[in-house]
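Open the model in your viewer and keep the sequence panel beside it. We will go stop by stop, selecting as we go.

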Amino acid sequence: MTMPRRTSSLGKASNLFWIATGVSGLFAAFNFANAFFLAYFPLFLKDINFTPVQIAFTIALPNIVRIFATPVMTSISDRAGRRRHSMALFSVIALISFWVLIYSNDYWVVIGLVVFLSIFYTPIQPLQDAYAYETVSTLGLNYGPMRSWGSIAFVVATLIGGWYLTFGEPAELLFLTVGSLGVLALTSVLLPGMPSESRSSSKESVWAAEELRDPQFLLVVLSGGLLLGSFSALYAFASIFWLSVGISDAMVGGLWAIGTLAEIGIFVWGGFFMRHLGAWGLMVTGGVASIIRWMLFPYATETWSAVLLQLLHAGSFGMVFLGMVAYTSKLVSSKRLGTAQGLTQTAFGVVMGVSGIASGWLYAVEQAYAFYLMAGICCVGVLTLMLVTKRV
């Protein structure tokens with residue numbers, strides 16, 4: 001997080017530090033919550049006797065739901081001019097759903113709860129990014145350092161999780177997801193409104209906007225969805241795979257943390273990478289890193305090799321995500337940015353949902369096949385980027 005270099009009508013430069021702090025808090029709270037969900041929810045499912053196919057299907061559900069729910073919920077929020085209040089409301093509904101989920105062990109009850117909470121949980125991230133990027137354009141804040149606090153929170157959460165699993169149960173870690181969503185809801189309502197958060201400026205249907213139907217924008221959305229959607233096997237099976245090859249419980253948390261530390265470097269130095277590579281270059285570089293990572297993942301059965309591959313998270317997630325968010329903000333106006341970010345989540349959800357279910361079947365046949373599928377998806381993502389002519 002850095003102090004902005006210029007003021008705006010929203011406040012003096014001395015007060016903008018607190019806005020930057022609040023945006024950083026949004027990212028930190030969401031990623032702290034999400035870390036336990038991504039890293040340890042599969043272990044919770046394994047503990048309640050879900051099969052690999054059932055685990056993969058359950059983990060894929062939020063990504064299937066986001067295909068339909070996220071663009072609808074983000075567009076409603078944009079039209080209402082209530083991004084911050086939407087984030088708060090969605091967080092409260094999600095935390096209640098997570099609370100109930102912790103005490104559930106019936107397959108169909110778990111499935112139903114995951115579907116319901118995903119309707120409200122998945123739109124939170126694109127709304128955060130939309131709000132954050134509007135502070136960039138309106139107040140001159142720096143997105144990368146603010147977003148890095150989300151990654152720092154993710155590291156802290158995974159380290160806590162790895163330590164706690166040495167004596168505790170995965171289900172108990174999900175209570176920290178509940179608490180973090182409460183912090184997120186409070187932070188959302190305390191932040192000031194942005195110019196686009198006005199009902200009078202949002203009466204026109206967001207779907208009527210030509211900028212959301214621009215083929216160049218849609219190609220970027222598709223490529224970003226493919227590259228980030230390639231993480232389905234990682235989220236569903238990384239912890240299970242590492243434990244199966246003899247890596248310790250504590251080191252599993254450390255591996256998640258190492259990947260995120262590498263990602264933090266990209267966010268902190270995001271301005272440098274953006275100047276030298278541009279948004280398109282960031283996404284291509286990250287896509288190539290992803291191909292290498294997933295091809296080698298099944299062979300990283302020693303701690304040292306797993307650590308080396310986790311460092312590629314800097315490219316496969318950090319560069320792709322930073323490039324995609326920056327690209328979207330350059331191609332779409334602020335008042336439709338929430339919807340645009342929601343569309344990227346839809347593309348991400350389609351790929352994650354389909355590939356997540358497929359990876360479950362493949363993992364049950366041969367562990368390596370699930371990760372080879374991810375590498376193939378990334379190849380398609382990089383090739384899609386080659387079709388983009390509006391390179392920024």
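**Stop 1: confidence.** This is a predicted model, so start by colouring the chain by pLDDT, the predictor's confidence in each residue. The protein chain averages a pLDDT of 85. A score of at least 70 is reached by 93% of the residues. Now select residues 1-8. Their pLDDT is below 50. In the model this stretch still has 28 contacts beyond near neighbours in sequence.

**Stop 2: helix α15.** Select residues 367-385. This is helix α15, with 19 residues. From first C-alpha to last, α15 reaches 29 Å, close to the 27 Å expected at 1.5 Å a residue. Show the side chains next. Buried residues of α15 include Ala368, Phe371, Met374, Ala375, Cys378 and Val382. An α-helix has 3.6 residues a turn, so residues three or four places apart point the same way. Also buried in α15 are Ala370, Ile377, Gly381, Thr384 and Leu385. What covers these buried residues? Among the elements that do so are α8 (215-229), α9 (232-244), α11 (270-296) and α14 (337-365).

**Stop 3: Met295.** Stay with α11, and pick Met295, which is found in that helix. Met295 counts as partly exposed because its relative accessibility is 40%, between the 20% and 50% cut-offs. Leaving aside neighbours within four places in sequence, Met295 is in contact with Tyr372 and Ala375. Ala375 is one of the buried residues of α15.

**Stop 4: His313.** Move to helix α13, residues 313-331, where His313 lies. Is His313 buried or exposed? Its relative accessibility is 8%, so His313 counts as buried. The side chains of His313 and Glu263 are joined by a polar contact of 3.0 Å. Beyond neighbours within four places in sequence, His313 is also in contact with Phe231, Gly259, Thr260, Arg293 and Gly318.

**Stop 5: the largest cavity.** How many cavities of 30 Å³ or more does a search of the whole structure find? There are four. The largest holds about 550 Å³ of space. To find this largest cavity, select Asn34, Leu38, Gln125, Tyr235 and Phe348, which lie nearest its centre among the 31 lining residues. Then colour the helices around it. At least two lining residues come from each of α1 (13-47), α2 (52-80), α6 (143-164), α9, α10 (249-268), α13 and α14. α1 gives the most to this lining, with six residues.

**Stop 6: Asn49.** Follow the chain into the loop between α1 and α2, where Asn49 is placed. Check the backbone here. Asn49 has a positive phi of about 70°, although it is not a glycine. Asn49 counts as exposed because its relative accessibility is 66%, over the 50% cut-off.

**Stop 7: Ser97.** Finish in helix α3, residues 83-102, where Ser97 is found. Ser97 is buried, with a relative accessible area of 5%. Display its side chain and the backbone of Ile93. A polar atom of the Ser97 side chain lies 2.9 Å from the backbone oxygen of Ile93. Last, select Leu113, Phe116 and Leu117. Ser97 is in contact with these three, leaving aside its neighbours within four places in sequence.

Terms used
Residues are numbered from 1 along each chain as its sequence is written. This is a predicted model: local features need pLDDT of at least 70, side-chain atom pairs count only at pLDDT 80 or more; totals for chains, interfaces and linings use all residues. Side-chain values use heavy atoms; hydrogens and water are left out. Helices (H or I, at least four residues) and strands (E, at least two) are DSSP runs, numbered from the N terminus. The expected span of a helix is 1.5 Å times one less than its number of residues. Buried means under 20% relative accessible area, exposed over 50%, partly exposed in between (1.4 Å probe, protein chains only). Contact means heavy atoms within 4.5 Å. A polar contact is a pair of N or O atoms within 3.5 Å; within protein, one must be able to donate a hydrogen and the other to accept it, and residues adjacent in sequence count only if both atoms are side-chain atoms. pLDDT is the predictor's confidence in each residue, from 0 to 100. On a 1 Å grid over the protein atoms alone, a cavity is a set of points where a 1.4 Å probe fits but cannot get out, and a pocket is an open set with protein on both sides within 12 Å along at least five of seven lines; lining residues have an atom within 4 Å of a point. Grid points are joined across faces, edges and corners, and a volume is the space filled by probe spheres set on the points.
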